[in-house]
Amino acid sequence: MVIKTAEFVKSSQKWQDCPEPTMAEYAFIGRSNVGKSSLINAMMNHKDLAKTSQTPGKTQLINHFLVNENWFLTDLPGYGYAKVSKSLRKDFEKLITNYILNRQNLVNLFVLIDSRLAPQKIDLEFMEWCGESNVPFSIVFTKVDKLKPGAADRNVEAYKTELLKTWEDLPEIYVTSAEKKTGTDNILKFISETNQFLIKNKVRFDD
């Protein structure tokens, strides 16, 4: 997929305020400092499209971008912030879960995982919830450029081993680096092929 245009549409404080669900939507989510904004910017060939923040949890909005004028990319608030109050964390979680469960044009959720870390309980629990809620998702390992050769493969295999304790089949897995743009073309290829399938089958989201 060639990115011809990518533009910010709006930020929403609740899922009901999101843009009209008239076209396919792909959302990106992960814990704080996972490199979500950097990966989105690398995919879109745009240095400042998704804004990064030095303070995890500071900006908690659903951010929509229109890509090639025919699909939405959604930058979701992170989950599992440790530096905010429990009540505020619950508000974040409610915003995220309501969006994921109610957004009718959400085609796929990309769950970002820091490839430098061993399997984290919060990530495993979130993916388990996605599975139990029948939410289609893919796993995106980030920051592989920060690791020595072979280390990323070992960490990815560790996640697979952990997931297969409760999963029969694993979702699509992508290994990426925002800095070197590793894996970004594979994600865009998946989105392009999915969009073509939806068009071919005349799938509508606003019925």
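**Notes on the predicted model**

1. Helix 3 against helix 4. Helix 3 (residues 121-132) packs on helix 4 (residues 151-163) at an angle of about 50°, and their axes are 12 Å apart. That angle makes helix 3 oblique to helix 4. The two helices cross in the right-handed sense. Keep in mind that this is a predicted model.

2. Who makes that contact? From helix 3 come D123, L124 and M127. They meet Y159, E162 and L163 of helix 4. By class, the contact of helix 3 with helix 4 holds four nonpolar and two charged residues, with no polar ones.

3. Overall layout. The chain has five helices and seven strands. Along the sequence they follow the pattern β-β-α-β-β-α-β-α-β-α-β-α. The chain has 207 residues, and 47% of them count as buried. Take the contacts between residues at least 6 apart in sequence: 77% of these join residues at least 24 apart.

4. Helix 1: enclosed or open? Eight of its nine residues are buried, so helix 1 is largely enclosed by the rest of the structure. The buried residues are K36, S37, L39, I40, N41, A42, M43 and M44. Note that K36 is on this list. Worth a look in your viewer.

5. Helix 1 against helix 5. The axis of helix 1 comes within 10 Å of the axis of helix 5 (residues 184-200), and the two cross at roughly 75°. Helix 1 is therefore roughly perpendicular to helix 5. On the helix 1 side, the contact is made by L39, A42, M43 and M44. On the helix 5 side, the residues are T184, I187, L188 and I191. The contact of helix 1 with helix 5 has seven nonpolar residues, one polar and no charged.

6. M44. This residue is found in helix 1. M44 has a relative accessible area of 3%, so it counts as buried; the cut-off is under 20%. Which residues does M44 touch beyond its neighbours within four places in sequence? They are I3, A6, L49, V67, W71, L73 and L188. L188 belongs to helix 5 and takes part in the contact of helix 1 with helix 5. Another pair to check is M44 and E7: they are 37 residues apart along the chain, and their C-alpha atoms are separated by 9.6 Å.

7. N45. Helix 1 is followed by N45. N45 lies in the loop between helix 1 (36-44) and strand 3 (62-67). Is N45 buried or exposed? Its relative accessibility is 53%, so N45 counts as exposed, the cut-off being over 50%. Phi of N45 is positive, near 55°. Most residues other than glycine have a negative phi.

8. N68. Here is another residue other than glycine with a positive phi: N68, near 50°. N68 sits in the loop between strand 3 and strand 4 (71-75). If you check backbone torsions, look at N45 and N68.

9. S115. The loop between strand 5 (106-114) and helix 3 holds S115. S115 has a relative accessible area of 1% and is buried. Not counting residues up to four places away in sequence, S115 touches F141, T142, K143, V144, L147 and N155. One of these, N155, falls within the span of helix 4, residues 151-163.

10. K143. K143 is found in the loop between strand 6 (137-142) and helix 4. What does K143 contact, leaving aside its neighbours within four places in sequence? The partners are N33, V34, G35, D114, S115, R116, T176 and S177. T176 is 33 residues from K143 in sequence, yet their C-alpha atoms are 6.4 Å apart in space. S115 is also among the partners of K143, which links this point to the previous one.

Conventions. Residues numbered from 1 in each chain as written. Predicted model: local features only at pLDDT ≥ 70, side-chain atom pairs only at ≥ 80, totals over all residues. Heavy atoms only, no water. Axes fitted to C-alpha atoms, helices over the stretch in contact; angles between N-to-C directions. Helix = DSSP H or I, 4+ residues; strand = E, 2+ residues; numbered from the N terminus. Parallel < 35°, antiparallel > 145°, perpendicular 65-115°, else oblique. Left-handed = near helix turned anticlockwise from the far one by under 90°. Contact = heavy atoms within 4.5 Å. Nonpolar A, V, L, I, M, F, W, Y, C, P; charged D, E, K, R; others polar. Buried < 20%, exposed > 50% of the residue type's maximum accessible area, 1.4 Å probe, protein only.
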